[in-house]
Amino acid sequence: MNESSQETSNRVEITDEELISLTTAVKTRYGIDFTSYEKKSLKRGFARLIARNDLGSMVGLWSKILKDKEFLIKYIDDLLVNLTELFRNPEIWLKIKDDILEKLRSKPIINIWHAGCSTGEEIYTMAIVLKEQGLLLKTRALATDLSTTALETAKQGIYSKILWKKYSASYLTYYPKGNPEYHFTVNENDIVVSNNLKNHVTFLRHNLVQDSMNKKFHIIFCRNVMIYFDETLKMKVLKLFYDSLEDDGFFIIGYYDMLPEASKDLFVLYDATTRIYRKNKLNT
Ligand SMILES: C[S@@+](CC[C@H](N)C(=O)[O-])C[C@H]1O[C@@H](n2cnc3c(N)ncnc32)[C@H](O)[C@@H]1O
């Protein structure tokens with residue numbers, strides 16, 4: 001999601017007080033809790049909403065959001081940047097293939113959760129890796145996000161062809177002998193994920209801030225989501241991941257995600273290059 005330079009220059013300044021009163025009102029009225037999101041990113045998100053919808057100021061945004069519930073749901077993606085890619089950071093997928101999946105191969109079922117899956121590119125990447133390793137059939141893959149529009153795109157698995165060259169190059173870095181076209185129908189303007197990958201993924205709306213999870217997973221991905229959260233919220237969400245991870249499971253975060261010092265009680269670093277952690281068993 002690129003911001004035009006005009007939007008950037010027209011950006012409305014939002015004060016801390018305005019931000020706090022708006023997020024508190026949204027929480028009370030709609031039950032969507034942004035009150036502990038990192039302030040700078042959230043202010044940028046609200047400023048984007050104002051610019052893209054010609055609302056002029058925080059007052060305009062305030063009245064639009066509080067009068068029209070559909071507005072916030074429809075434009076939540078402008079608030080939460082949901083950039084993602086197929087085969088983003090190929091070295092992670094190599095590490096997963098060569099190391100992690102080998103450790104999990106003997107399990108009767110492999111449970112995986114992509115928290116904050118956005119439009120689905122990350123989980124379809126995982127599904128491709130699993131399929132090529134002969135493990136897709138025994139995997140249960142859950143992908144969740146707060147944004148219903150992102151989830152709709154994810155379920156359809158149809159992406160613009162503009163990035164196909166980049167995606168193919170990333171895939172070939174991961175697997176030089178492979179053929180990326182094997183997993184997609186490549187049309188004139190778009191690429192469509194093959195049904196046998198789609199059929200193995202369950203997409204669900206889930207808010208990491210408020211919702212519980214009553215399953216255990218062997219791998220949890222939460223990449224580039226916690227960048228929006230303040231330290232207290234991060235710890236709350238990390239506790240949810242800790243409780244949802246099998247004792248021998250793996251927790252994978254994004255390159256720009258910073259874990260709070262206190263999270264050392266929950267997770268220990270497994271591989272620094274790819275930001276992979278394991279459960280800290282001293283805490284169990
Ligand atoms: C930058 S995308 C990350 C996509 C993918 N994990 C990746 O790294 O390629 C961040 C996603 O986090 C989601 N998100 C933000 N707050 C959330 C919350 N409280 N619960 C669930 N998802 C959330 C956004 O809707 C967005 O789709």
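Me: Among contacts between residues at least 6 apart in sequence, what share joins residues at least 24 apart?
Reply: In this chain, 75% of them do; a contact is two C-beta atoms, placed from the backbone, within 7 Å. The model is predicted: local features need pLDDT of at least 70, side-chain atom pairs count only at pLDDT 80 or more, and totals for chains, interfaces and linings use all residues. Residues are numbered from 1 along each chain as its sequence is written.

Me: How many helices and strands?
Reply: The chain has 11 helices and 10 strands (DSSP runs numbered from the N terminus: H or I of at least four residues, E of at least two).

Me: What box do the C-alpha atoms fill?
Reply: Roughly 55 × 55 × 30 Å along the principal axes.

Me: And how much of the chain is buried?
Reply: Of the 284 residues, 36% count as buried. That takes 20 or more other C-beta atoms within 10 Å of the residue's own; 12 or fewer is exposed, and in between is partly exposed.

Me: Which residues touch the most others in the largest nonpolar core?
Reply: Ala127, Ile220 and Phe251, out of 73 residues in that core. A core here is a set of buried Ala, Val, Leu, Ile, Met, Phe, Trp, Tyr and Cys joined through C-beta atoms within 7 Å. Helix α7 (residues 121-132) supplies the largest share of it, 7 residues.

Me: Where does that core lie relative to the domains?
Reply: Between domain 1 (5-79) and domain 2 (90-283), because both give residues to it. The bounds come from an automatic or database domain assignment.

Me: What does Phe251 touch?
Reply: Leaving out residues up to four places away in sequence, Phe251 touches Ile220, Phe241, Leu245, Phe267 and Tyr277.

Me: Switching to α9. Which residues are buried there?
Reply: Tyr167, Tyr171 and Tyr174 are buried in α9. Seen down the helix axis, the buried residues of α9 fall within an arc of 55°, so they line one face; the arc is that of the directions from the axis to the C-beta atoms. Helix α6 (90-104) is among what covers them.

Me: And in α5, which ones?
Reply: Ile76, Asp77 and Leu79 are buried in α5 (residues 69-79). Their arc around the axis is only 160°, which puts them on the same side of α5. Their cover includes α3 (39-52) and α8 (148-156).

Me: Where is Leu163?
Reply: Leu163 is in the loop between β3 (158-160) and α9 (164-174). It has 14 C-beta neighbours inside 10 Å, so Leu163 counts as partly exposed.
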